[in-house]
Amino acid sequence: LATDQCSAYWEDLKQMLKVALPPTGQATNEGLVEIFQSLLAGTAQAWVAIQNETLKAAAITMIQVEAGTKVRNLLIYALCGYSGVSQDLWEEGFKTFKAFAKANDCRKIIAYSKVPRVMEIAQSLGASMDFRLLEWEV
């Protein structure tokens with residue numbers, strides 16, 4: 001979505017974020033406002049997949065710069081598919097992410113999830129599942 005289109009889909013995106021936010025974020029009002037501001041500023045990107053005038057999937061991505069090496073990666077920050085998302089639609093969406101990442105000089109596309117279906121989809125799209133996110137509460 002173009003930054004000016006994010007407002008039109010914000011309610012849908014906000015609902016998606018409430019269930020699909022990564023463990024490093026918080027779905028508080030303040031956190032959601034921060035994400036919305038990032039979308040409007042262009043430092044985060046919103047994506048939607050629409051079929052037959054029905055929202056089928058939504059995602060938020062961000063270009064992350066790895067602190068040590070300054071390598072750019074496209075982070076799939078949040079992803080949610082609604083009922084009836086076909087494998088073809090996931091593949092089409094991933095090709096779009098890949099083209100965007102390449103156009104923005106990203107080395108990899110990265111994501112994390114604990115949702116079994118998302119893990120299956122990622123694996124079917126060729127994702128390496130070798131690493132795990134380790135986290136501790138502070």
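This tour moves through the model one selection at a time.

The model is predicted: local features need pLDDT of at least 70, side-chain atom pairs count only at pLDDT 80 or more, and totals for chains, interfaces and linings use all residues. Residues are numbered from 1 along each chain as its sequence is written, and side-chain values use heavy atoms, without hydrogens and water.

**Stop 1: helix α1**

Select residues 6-20, helix α1. Helices (H or I, at least four residues) and strands (E, at least two) are DSSP runs, numbered from the N terminus. The end C-alpha atoms of α1 are only 18 Å apart, while a straight helix of 15 residues would span 21 Å at 1.5 Å a residue. That expected span is 1.5 Å times one less than the number of residues. Now centre on Asp12. Here α1 bends by about 40 degrees. The bend is the angle between axes fitted to the seven residues ending at a position and the seven starting there.

Next, show the buried side of α1: Cys6, Trp10, Leu13, Lys14, Met16, Leu17 and Ala20. Buried means under 20% relative accessible area, exposed over 50%, and partly exposed in between (1.4 Å probe, protein chains only). In an α-helix there are 3.6 residues a turn, so residues three or four places apart point the same way. What do the buried residues of α1 pack against? They pack against α2 (29-41), β1 (44-51), β2 (54-65) and β3 (72-81).

**Stop 2: the aromatic pairs**

Rings of Phe, Tyr and Trp (its six-membered ring) pair if their centres lie within 6.5 Å; planes under 30 degrees apart are stacked, over 60 edge-to-face, and the rest tilted. The count by this rule is three aromatic pairs. Select Trp10 and Phe36. Their ring centres are 4.7 Å apart and their planes stand at 45 degrees, so the pair is tilted. Trp10 belongs to helix α1 and Phe36 to helix α2, so the pair ties together parts 26 residues apart in sequence. Both Trp10 and Phe36 are buried.

Jump to Trp47 and Phe97. The ring centres are 5.3 Å apart with planes at 85 degrees, so this pair is edge-to-face. Trp47 is in strand β1 and Phe97 in helix α3 (residues 87-103), 50 residues apart. Trp47 and Phe97 are buried too.

**Stop 3: the strands**

Stay on Trp47 and look across to β2, where Ala59 stands opposite. Two strands pair if DSSP finds at least two bridges between them. β1 and β2 run antiparallel, joined by eight bridges. Ala44 stands opposite Met62 in β2. The two strands form a hairpin with two residues between them, and Asn52 in the turn has a positive phi of about 50 degrees.

Move on to β2 and β3. Nine bridges join them, again antiparallel. Ala57 has Gly81 in β3 as its bridge partner. This hairpin has six residues between its strands, with Lys70 in the turn at a positive phi of about 65 degrees.

**Stop 4**

Select Asn73 in strand β3. Is Asn73 buried or exposed? Asn73 is buried, with a relative accessible area of 10%. Its contacts (heavy atoms within 4.5 Å) beyond four places in sequence are Met62, Ile63, Gln64, Cys106, Arg107, Lys108 and Ile110. The Asn73 side chain reaches the backbone nitrogen of Lys108 at 3.1 Å.

Finish on Glu30 in helix α2. At 57% relative accessibility, Glu30 counts as exposed. Draw a distance from its C-alpha atom to that of Ala8: 20 Å, for residues 22 apart along the chain.

How values were computed:
Polar contact = N/O pair within 3.5 Å; in protein donor to acceptor, adjacent residues only side chain to side chain.
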